[in-house]
Amino acid sequence: MRLSKYYLAAITAFTIWGFFSLALKPLHLYPSLDILFYRVFLCVVLMMGINLLFRKKTLRETKENFRMMSATQKRNVVLLTLGGSLLLSANWFFFIYVMNHVSVKAASFAYLVCPILTTVFAYFILKEKLNKWQWTAVALSIFSCVLLSFNHFMDIFYSLIVAATYALYLVSQRKNTAIDKFLLLTLQLTTTAIILLPFYPFYSSEVPTAFDFYFYLVIIVVMFTIIPLFLNLYALKGVNSSTVGILLYINPLINFFLAIFYYKEDITTFQIIAYSLILLSIIIFNSKHIFKSKTKELQTKDV
């Protein structure tokens, strides 16, 4: 029963993120930069409020841990946090742009490829090893990208940018373990807000006055940022990261089906084959973790 709560938290988080387009699409008439500005600023206000009101103990512990670090450790934490801020900002901007100005399918494709790109980057940057089946999955994914690029090169181009920025963010933050994750995200978004603030007067449009803009923005910040983040952090207490990684695919799959059945975006047989190969590559790539989890469950039952 205890384990099922963590699975439910992870499934709920990724299911919520899967429906992100329902709140983002109504804002397609607004510039992507404006949505990014207001999303970041409002997120910072709410997350800082949560930290100051409900997480004072964590703040004190983090401050003490940082004080005890060596100069090299402090420098690494600062650089990783700042680098993560830039990558996360880029990912949010390009995701909003692709969702509202390219296609929902392109946005969903980005997060289908993202886990594989993450592992490839980790192989070259962190020297993590891949087995032959995982390399097969990577090859299948690359072949699928080639198929999808026919007559849709710009879609794939933007999708890969979205996937690459988030993959690089995840890889870079694997070494940033000295700070509480929620506090880390707060610091990164605060840094992002500070970076964006000087550009706001020059690159933003007129301050939106329509009620729908702020209505959907609050939904995006609360329902599609803070709540699923809390659920994801809670899930990681009882479910290993590999399982959470597999459940991550709930998000782009919902996006893809919304693109076809709700937004009525055109899809060809060619694209169906390519997406099927991507799904196959995902299964192959994660097969070791899937079967390992099943084996452990059977062993637990036997005991």
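# Notebook: an all-helix pattern

I counted 14 helices and 0 strands in the protein chain. Helices (H or I, at least four residues) and strands (E, at least two) are DSSP runs, numbered from the N terminus. This is a predicted model, in which local features need pLDDT of at least 70, side-chain atom pairs count only at pLDDT 80 or more, and totals for chains, interfaces and linings use all residues. Residues are numbered from 1 along each chain as its sequence is written, and side-chain values use heavy atoms, with hydrogens and water left out.

**Whole chain**

I read the pattern along the sequence as α-α-α-α-α-α-α-α-α-α-α-α-α-α. Next I looked up burial. Buried residues are 45% of the 303 in the protein chain. Here buried means under 20% relative accessible area, exposed means over 50%, and partly exposed lies in between (1.4 Å probe, protein chains only). I then took the contacts with a separation of 6 or more; 87% of them join residues 24 or more positions apart. Contact means heavy atoms within 4.5 Å. The protein chain exposes about 16400 Å², and carbon and sulfur atoms supply 70% of that area. Accessible areas come from the Shrake-Rupley method with a 1.4 Å probe; for residues, only the protein chains shown count as cover.

**Salt bridges**

I searched the whole structure and found 2 salt bridges. The criterion is a side-chain nitrogen of Lys or Arg within 4 Å of a carboxyl oxygen of Asp or Glu.

One of them joins D180 and R55, with the closest N and O atoms 2.9 Å apart. This pair links distant parts of the chain, 125 residues apart. D180 sits in the loop between α8 and α9, and R55 in the loop between α3 and α4 (56–68). D180 is partly exposed because its relative accessible area is 26%. R55 is at 16%, so R55 counts as buried.

I also logged R67 with E64, at 2.6 Å from N to O. Both residues lie in helix α4, 3 residues apart, about one turn of the helix. An α-helix has 3.6 residues a turn, so residues three or four places apart point the same way. R67 has a relative accessible area of 52% and is therefore exposed. E64, at 37%, counts as partly exposed.

**D34**

D34 lies in helix α3 (residues 32–54). Leaving aside neighbours within four places in sequence, I listed Y203, S204, S205 and F213 as the contacts of D34.

**Surface patch**

I came back to Y203 on the surface. Y203 belongs to a nonpolar patch with L86, I195, F199 and F202, and together they have about 580 Å² of accessible area. Patches are made of residues with over 30% relative accessible area and no salt bridge: like charges are joined within 9 Å, nonpolar side chains (Val, Leu, Ile, Met, Phe, Trp, Tyr) within 5 Å. F199 is in the loop between α9 (181–196) and α10 (200–203). F199 has 41% relative accessibility, so it counts as partly exposed.

**Y214**

I placed Y214 in helix α11 (residues 211–235). Its relative accessible area is 32%, which means partly exposed. Not counting residues up to four places away in sequence, Y214 touches V207 and P208.

I checked the length of α8 (residues 153–173). Its 21 residues should span 30 Å at 1.5 Å a residue, and the end C-alpha atoms are 30 Å apart, which agrees. The expected span is 1.5 Å times one less than the number of residues. The buried residues of α8 include I156, Y158, S159, V162 and A163. S159 is buried because its relative accessible area is 1%. Beyond four places in sequence, S159 is in contact with A106, F109 and A110.

I repeated the check on α13 (residues 250–262). Its 13 residues should span 18 Å, and the end C-alpha atoms are 17 Å apart, which agrees. Buried in α13 are N251, P252, I254, N255, F256, L258, A259 and I260. Just after α13, I noted K264 with a positive phi of about 55°.
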